[in-house]
Amino acid sequence: MIVFAASDKGGTGRSVTSANLAYQRALGGDDVCYLDFDFGSPTAVAVFDVPGAPRGDGLHAYLTGHTGEPLRLDVWRLTEHAVLSHKPNGAGRLVLLPGDGGGGEFATDQEVVQRCADLMLRLNSEFDLIIVDLSAGRSYAVDMALEVTARPEMRGVETRWLVFHRWTRQHVKAVHGLVFEEFGILEAGEERGHDRAALRDAVRFVRAAVPDPDSPLWSHVSPTQSAWMRACDETLRRLAAELGIGDSRVLGTVPLEPVLQWREQLITDADVVSTQIANKETLEAFTELARRLTDDTYWGQL
């Protein structure tokens, strides 16, 4: 299965959440491959604490024909993360295909699309789950993903889309536009040969950095502030429902996590139990979201 991670804006938590999902699935025994298709700003090497951003042998170089195979990094073996460097018993493979530092966005032609399709097919036969982190917005990376998955040889490969947004009015409106409006994912996919209804059924939303008025993090606020937060939350829920991204289309919600506001990183059990720098609710959200990726109860026609 291939899961594409998209967002209309940067700073939505798309990359760090996707990396945490890859980590959680590998912990559960799946062989997982993470592709950094955020060509303008590849950050996966930092999130996984793998040293040295590649130049000249990453995904950018492969897709543009400058190298025959993209670099593969075994995260368990190469990471400098104190927890990840000790692969747990029963864990599956966790492999990163990084982007090239300074590579930048690039236009897609048929040669690029063919190389991408070849790579996706090879990886799909080797890994249980592939997560592809796409550049934000209506990017060349999103166009390429739609182009590749519409090709006849890819029809037997199951693909799903996670679209990330923060829990604000601007982000809710923006992510609606990315998926549903003119030049959005559904229209662009249909133009490339996708069935619009089937593509829509393969899209779910992830709300990131969502404040929970009932959490201990906000227990210090005044009654007036608490009432205001609850009113804002209710207003956003109504807006999301009106725009077609209400609760039934949400795969999961990631709470506002102070650790992730300071540093893009993986959240481990040690961060919650040993050092106690991260909140248990955040780890639970990542774990549940990772489970739902392949749970058909949360996908399909609504």
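Hi everyone. Before we start, one definition: a helix here is a DSSP run of H or I at least four residues long, numbered from the N terminus. With that in hand, let me place a residue for you: Thr 268 sits in the loop between helix H11 (258-262) and helix H12 (269-273). Please keep in mind that what you see is a predicted model.

So, is Thr 268 buried or exposed? The cut-off for buried is under 20% relative accessible area, and Thr 268 has 1% relative accessibility, so it counts as buried. Leaving out residues up to four places away in sequence, Thr 268 touches Tyr 23, His 81, Val 83, Leu 84 and Leu 283.

Leu 283 takes us to a helix pair. Helix H1 (residues 14-27) packs against helix H13 (residues 280-292) at an angle of about 70°, and their axes are 9 Å apart. That makes the two, H1 and H13, roughly perpendicular. On the H1 side we have Thr 17, Asn 20, Leu 21, Gln 24 and Arg 25, and these meet Leu 283, Phe 286, Thr 287, Leu 289, Ala 290 and Arg 291 in H13. Sorted by class, that contact has five nonpolar, four polar and two charged residues.

In soluble globular proteins, nonpolar side chains tend to be buried together. Here, the largest nonpolar core has 51 residues, and the members touching the most others are Leu 35, Phe 37, Met 120, Leu 134, Trp 161 and Ile 185. Which helix gives the most to this core? It is H5 (residues 110-126), with seven residues. There is also a second, separate core of 42 residues, with Val 3, Val 16, Leu 21 and Leu 293 among them.

Let me stay with Leu 134 for a moment. Beyond its neighbours within four places in sequence, the contacts of Leu 134 include Phe 37, Trp 161, Ala 141, Val 142 and Ala 145.

Finally, how do H5 and H6 meet? Their axes come within 9 Å and cross at roughly 70°, which makes H5 roughly perpendicular to H6. The crossing is right-handed. From H5, Gln 110, Val 112, Val 113, Cys 116, Ala 117 and Met 120 meet Met 144, Glu 147 and Val 148 in H6. By class, that is seven nonpolar, one polar and one charged residues.

Thanks, everyone!

How values were computed. Residues are numbered from 1 along each chain as its sequence is written. This is a predicted model: local features need pLDDT of at least 70, side-chain atom pairs count only at pLDDT 80 or more; totals for chains, interfaces and linings use all residues. Side-chain values use heavy atoms; hydrogens and water are left out. A nonpolar core is a set of buried Ala, Val, Leu, Ile, Met, Phe, Trp, Tyr and Cys residues joined through side-chain atoms within 4.5 Å. Buried means under 20% relative accessible area, exposed over 50%, partly exposed in between (1.4 Å probe, protein chains only). Contact means heavy atoms within 4.5 Å. Axes are lines fitted to C-alpha atoms, for helices over the stretch in contact, and angles run from 0 to 180 degrees between N-to-C directions. Angles under 35 degrees count as roughly parallel, over 145 as roughly antiparallel, 65 to 115 as roughly perpendicular and the rest as oblique. A crossing is left-handed if the near helix is turned anticlockwise from the far one by less than a right angle, and right-handed if clockwise. Ala, Val, Leu, Ile, Met, Phe, Trp, Tyr, Cys and Pro count as nonpolar, Asp, Glu, Lys and Arg as charged, and the others, Gly among them, as polar.
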